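This report describes the model shown below, one chain at a time and then where the chains meet. Please keep the sequence and the structure in view while reading.

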Amino acid sequence: MIAVDLPPLALSLWVALWATVLSLGVGLPLAWLLARRTLPGRDLLTVLILLPMVLPPTVLGYYLLVMIGTGGPVGRAAEALGLGRIVFTPTAAVLAAFVASAPFLVRAAQAGFEGVDPAFPDAARTLGRGELSIWLTITVPLAWRSIVAGVALTFARAIGEFGATIMVAGSIPGRTRTGSIAVYDHVQAGRMEEAHLLALGLALTTAGILFLLTRVGRAPGW
Amino acid sequence: MVGRAAAPHVLEVDLRARVGTFRLEVRFRSSAGVTALFGPSGAGKTLTLRHLAGLEAGGEGVVRVGGRVVEDTAAGIRIPARERRIGMVFQEYALFPHLNVRENVGYGLQNLDREARRARVRSLLSEMGLEGFGHRRPAQLSGGEKQRVALARALAPEPDLLLLDEPFAALDFRVRRGLREALGELHRRTGVPLVLVTHLLEDVRRLSDHLVLLDQGRVVAAGPTRTLLADPPSPEAQALIGEE
């Protein structure tokens with residue numbers, strides 16, 4: 001009997017979930033800033049944020065390795081803070097998926113924020129509300145569909161991450177061998193049935209989650 | 001300069017601003033209940049209104065509402081929109097599409113507790129003839145109903161001044177007449193001073209006590225509406241009034 005390789009699939013979900021949460025935390029405020037035409041250096045920042053979408057994953061992985069490797073600035077800072085080594089840990093897999101997938105969230109959410117008529121936050125200002133309150137009660141709800149679409153794309157990209165992940169996290173069974181890496185390993189080793197089952201599992205899980213997100217982001221009733 | 005009067009004017013404005021190549025240089029004061037800013041498109045009416053509301057970052061000058069300074073750039077004072085106590089009804093009403101009528105009207109009442117907020121919203125909806133509309137979304141309202149919701153929302157926090165940007169532009173002739181009367185009545189009942197931006201002379205004639213004629217970012221003439229309409233002080237003012 002062929003056992004379904006559950007740990008890699010579960011690890012993929014875990015990594016993609018964290019990468020999406022990180023993308024939301026960092027990407028939403030960033031998208032909102034980029035949606036403001038008055039932001040200085042907006043074009044340069046846009047290019048920097050979108051770069052991971054077009055760079056070859058190995059190049060992305062290389063730069064990430066330069067940053068979080070034991071000699072890199074982030075890697076050294078993490079060790080100095082007693083957090084230990086980052087490379088070849090699940091954290092590195094999350095970081096790789098985050099860097100590769102966050103631009104999708106920023107892009108979609110930025111379009112959503114730009115689509116919010118500025119008269120709405122202006123009206124809220126004249127009604128005595130502060131900026132954070134306006135952002136939470138007006139801007140985010142009105143950009144909701146784009147944000148959910150961005151989450152779906154981010155999650156899908158994160159769960160399929162391969163190139164950067166294998167460079168910074170490797171393929172350690174049970175620790176950093178995510179679903180997409182395990183499929184590759186199975187194929188390399190000629191274990192085609194395992195590869196087939198795992199690929200199917202990954203495809204079905206991703207499709208299921210995207211389906212759920214599509215329903216959440218359906219056209220609102222206003 | 002806007003001088004200090006013994007009894008404070010309802011509104012004193014002395015503003016200079018630049019947006020691209022457009023220059024706004026507006027100076028007027030009004031003690032009237034309803035002040036109309038009248039002029040052709042591109043005269044700077046809406047920009048003036050946005051400056052009064054505190055929604056424009058640039059520019060310099062002085063704005064006083066009922067003697068209270070809300071802006072005096074030379075003294076480093078620019079009270080943010082949320083603290084100005086100046087309500088505004090936007091041209092397309094800007095009702096929050098994801099909130100129902102009750103939530104829209106109650107949006108500016110976050111300082112009240114739940115019960116007080118509910119009571120205030122209920123009384124405003126009844127004043128505006130909007131009972132039974134509380135659960136509707138803006139998309140389910142007619143143009144006239146939207147305008148009444150926008151008015152109720154702007155009046156809810158009891159502003160010291162209410163700005164209206166082309167309040168009747170989006171409405172057809174008959175609805176416009178009814179709402180104009182309703183607005184006049186509302187002003188008499190609440191006593192809140194109104195500043196109305198319009199390009200329709202009919203609005204000016206029927207609603208305003210004080211008229212500010214604007215063209216190309218400047219005040220062409222200002223004074224009591226009747227006097228100004230009956231006897232325009234310059235050929236330029238005459239041309240603006242005659243354009244309608």
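This is a predicted model: local features need pLDDT of at least 70, side-chain atom pairs count only at pLDDT 80 or more; totals for chains, interfaces and linings use all residues.

## Chain A: order of elements

Taken along the principal axes, the C-alpha atoms of chain A fill a box of roughly 65 × 45 × 30 Å. Of its 222 residues, 41% count as buried. Among contacts in chain A between residues at least 6 apart in sequence, 75% join residues at least 24 apart.

## Helix 8 of chain A

Helix 8 of chain A covers residues 144–159, which makes 16 residues. From its first C-alpha to its last it reaches 22 Å, close to the 22 Å expected at 1.5 Å a residue.

Is this helix mostly covered or mostly exposed? Helix 8 of chain A is mostly covered, since 12 of its 16 residues are buried. Among them are Ile147(A), Val151(A), Leu153(A) and Phe155(A). The buried residues of this helix also include Ser146(A), Thr154(A) and Arg157(A).

## Chain B: overall form

Chain B has 8 helices and 11 strands. Its radius of gyration is 18 Å, close to the 18 Å that the globule rule gives for 244 residues, so chain B is as compact as a globular protein of that length.

Along the principal axes, the C-alpha trace of chain B spans about 50 × 45 × 40 Å. Buried residues account for 45% of the 244 residues in this chain. Among contacts in chain B between residues at least 6 apart in sequence, 65% join residues at least 24 apart.

## Strand 1 of chain B and its partners

With which strands does strand 1 of chain B pair? One partner is strand 2 of chain B: strand 1 (residues 11–19) and strand 2 (residues 22–30) pair in the antiparallel sense over 9 bridges. Within this pairing, Arg16(B) has Glu25(B) in strand 2 as its bridge partner. The two strands form a hairpin with 2 residues between them, and there Gly20(B) takes a positive phi near 60°.

Another partner is strand 4 of chain B (residues 60–65), which pairs with strand 1 in the antiparallel sense over 6 bridges. Here Asp14(B) stands opposite Val62(B) of strand 4.

## Leu164 of chain B

Leu164(B) lies in strand 8 of chain B, which runs over residues 161–165. Is this residue buried or exposed? Leu164(B) counts as buried because it has 27 C-beta neighbours inside 10 Å, and the cut-off for a buried residue is 20 or more.

Leaving aside neighbours within four places in sequence, Leu164(B) is in contact with Val89(B), Leu194(B), Leu196(B) and Val197(B). As for Gly191(B), that residue is 27 residues apart from Leu164(B) in sequence, and the two are 15 Å apart in space, C-alpha to C-alpha.

## Where the two chains meet

At the meeting of the chains, 20 residues of chain B are in contact with 16 residues of chain A. Which strand gives the most to the side of chain B that touches chain A? Strand 7 of chain B (residues 86–89) gives the most, with 3 residues.

Sorted by class, the side of chain B that touches chain A has 12 nonpolar, 4 polar and 4 charged residues.

Technical notes:
Residues are numbered from 1 along each chain as its sequence is written. Chains are lettered from A and ligands numbered from 1 in the order in which they are written. Helices (H or I, at least four residues) and strands (E, at least two) are DSSP runs, numbered from the N terminus. The radius of gyration is taken over C-alpha atoms; the globule rule is 2.2 Å times the number of residues to the power 0.38. Two residues are in contact if their C-beta atoms, placed from the backbone, lie within 7 Å. Two strands pair if DSSP finds at least two bridges between them. Ala, Val, Leu, Ile, Met, Phe, Trp, Tyr, Cys and Pro count as nonpolar, Asp, Glu, Lys and Arg as charged, and the others, Gly among them, as polar. The expected span of a helix is 1.5 Å times one less than its number of residues.
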